[in-house]
Amino acid sequence: MKHSIKILCALSFALFSCSSTIEIPEDASAKQIIQGGQNEFSAGNYKNALKYYNTALERFGDSPEILVEAKYEIGHIYMKQKKYDAAENVFTEISSLYESNPFGKLPGSYRKLSQLELEKIAEIRAK
């Protein structure tokens, strides 16, 4: 009986894991994709959230607003995962985007948010 329960648990886990694979509709708007990423992030599904944000970059990365928002959200996920090197790379890239684009072309909030995250990383490393 105990063996049957273990097998049932393993099968349930396998089925649950497979069901968490997401498909993002081809006709989804940038806002819908970003919202999907935020929903997955809020649920703690960082892998799925990353898929949404990377899809936003692939499909709408030529839009400055989507570019910095999706990149910021990716960096934020890396912070939650304590992947500080990856997060630092993303936030540094965002800062570079602001330096290489005319003032006002990119939403200002992500510049400040990225700077704050870079400061957090520096504080974490200093400890």
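## A walk around helix H2

Start by selecting Gln32, which sits in helix H2 (helices are DSSP runs of H or I, at least four residues, numbered from the N terminus). Before going on: this is a predicted model, where local features need pLDDT of at least 70, side-chain atom pairs count only at pLDDT 80 or more, and totals for chains, interfaces and linings use all residues. Residues are numbered from 1 along each chain as its sequence is written, and side-chain values use heavy atoms, with hydrogens and water left out.

Still on Gln32, show Tyr52: the two are 20 residues apart in sequence, yet 9.4 Å apart in space, C-alpha to C-alpha.

Now colour all of H2, residues 30-42. Ala30, Ile33, Ile34, Gly36, Gly37, Glu40 and Phe41 are buried here (under 20% relative accessible area, with exposed over 50% and partly exposed in between; 1.4 Å probe, protein chains only). Look down the axis of H2: its buried residues fall within an arc of 155°, so they line one face of the helix (the arc is that of the directions from the helix axis to the C-beta atoms).

What covers the buried residues? Bring up helix H3 (46-60) and helix H4 (64-80), which are among the cover. Then step past H2 to Gly44, where phi is positive, near 80°.

Last stop: Glu117, in helix H6 (residues 108-126). Glu117 is buried, at a relative accessible area of 5%. Leaving out residues up to four places away in sequence, Glu117 touches Tyr72, His76, Met79 and Phe91 (contact means heavy atoms within 4.5 Å).

Methods: Helices (H or I, at least four residues) and strands (E, at least two) are DSSP runs, numbered from the N terminus. The expected span of a helix is 1.5 Å times one less than its number of residues.
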